Amino acid sequence: MSTSFGKTKDEVFKSLHYEILKPLGFKKDGLRSQINEGDLSRAILCWSNQPGNEFQIFATVTHYDYLVFRYPQHSESFSSRLIGQNYPPLAEVSLRGLSKGSTRFWSLGFETSQATLLEICTEVKHVVSNYGLAILQQFRTLEGVLEFYQNQPNPLLKYEEYSWLLMYLNKKEASIELVESAIKSAPHQNAKLFAEKWLERIKSG
């Protein structure tokens with residue numbers, strides 16, 4: 001069977017959406033299946049390192065107020081249907097990394113057999129059912145997202161998202177301390193300048 005990477009990837013995600021996610025109320029938009037509740041939008045999405053032939057599945061959450069804070073110039077373009085579609089999430093987890101150790105990608109060649117495609121579809125549905133849905137359950141509230149960040153080994157990797165969340169949940173002192181730590185550990189001058197500007201926004205937020 002000769003087919004394209006894009007087609008096989010679409011088949012994998014369609015199988016996941018219609019068998020696992022749609023019955024739970026998720027709506028498909030391209031390679032993203034999401035459910036919106038108030039200002040929170042949770043999603044399972046497929047991301048590929050095009051033009052390569054590898055892809056990942058992520059469980060993500062974003063929040064309308066976070067997008068407005070981070071991208072005030074685009075605030076009028078956000079809608080409940082497209083919330084988070086083209087912007088970084090508030091939190092995300094790569095699901096294959098949970099089931100395959102340090103391996104984060106699935107591979108689909110430009111010529112993929114039906115047997116291989118079926119095997120990948122089965123594995124993707126397995127990790128979403130056994131890991132992804134539990135993560136999205138935790139992401140149903142901002143307090144759950146906060147608990148997720150509190151359990152991360154290196155919170156500075158996502159200090160912008162984490163600090164906004166702390167600020168939003170009335171933990172401003174902890175938010176400021178987190179960004180100050182990011183400034184001190186910045187790997188280069190540009191990163192330090194960005195963190196300093198972010199600190200100014202957090203203090204005035």
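I looked up the largest nonpolar core and found 55 residues in it, where such a core is a set of buried Ala, Val, Leu, Ile, Met, Phe, Trp, Tyr and Cys residues joined through side-chain atoms within 4.5 Å, and buried means under 20% relative accessible area with a 1.4 Å probe, protein chains only. Helix α4 (residues 114-138) gives the largest share of this core, 8 residues; helices here are DSSP runs of H or I with at least four residues, numbered from the N terminus.

I noted that the model is predicted, with local features needing pLDDT of at least 70 and side-chain atom pairs counting only at pLDDT 80 or more, while totals for chains, interfaces and linings use all residues. Residues are numbered from 1 along each chain as its sequence is written, and side-chain values use heavy atoms, leaving out hydrogens and water.

Phe 139 and Leu 165 are among the residues with the most contacts inside the core.

I then turned to ring pairs, whose centres must lie within 6.5 Å, with planes under 30 degrees apart counted as stacked, over 60 as edge-to-face and the rest as tilted. I counted 7 aromatic pairs, including the edge-to-face pair of Phe 139 and Phe 148, at 5.3 Å centre to centre and 90 degrees between the planes. Both Phe 139 and Phe 148 are buried.

Why is the pair of Tyr 149 and Tyr 162 stacked? I found the ring centres of Tyr 149 and Tyr 162 5.1 Å apart and their planes at 10 degrees, so the pair is stacked.

Key: Phe/Tyr/Trp six-rings, centres within 6.5 Å; stacked < 30°, edge-to-face > 60°. Buried < 20%, exposed > 50% of the residue type's maximum accessible area, 1.4 Å probe, protein only. Helix = DSSP H or I, 4+ residues; strand = E, 2+ residues; numbered from the N terminus.
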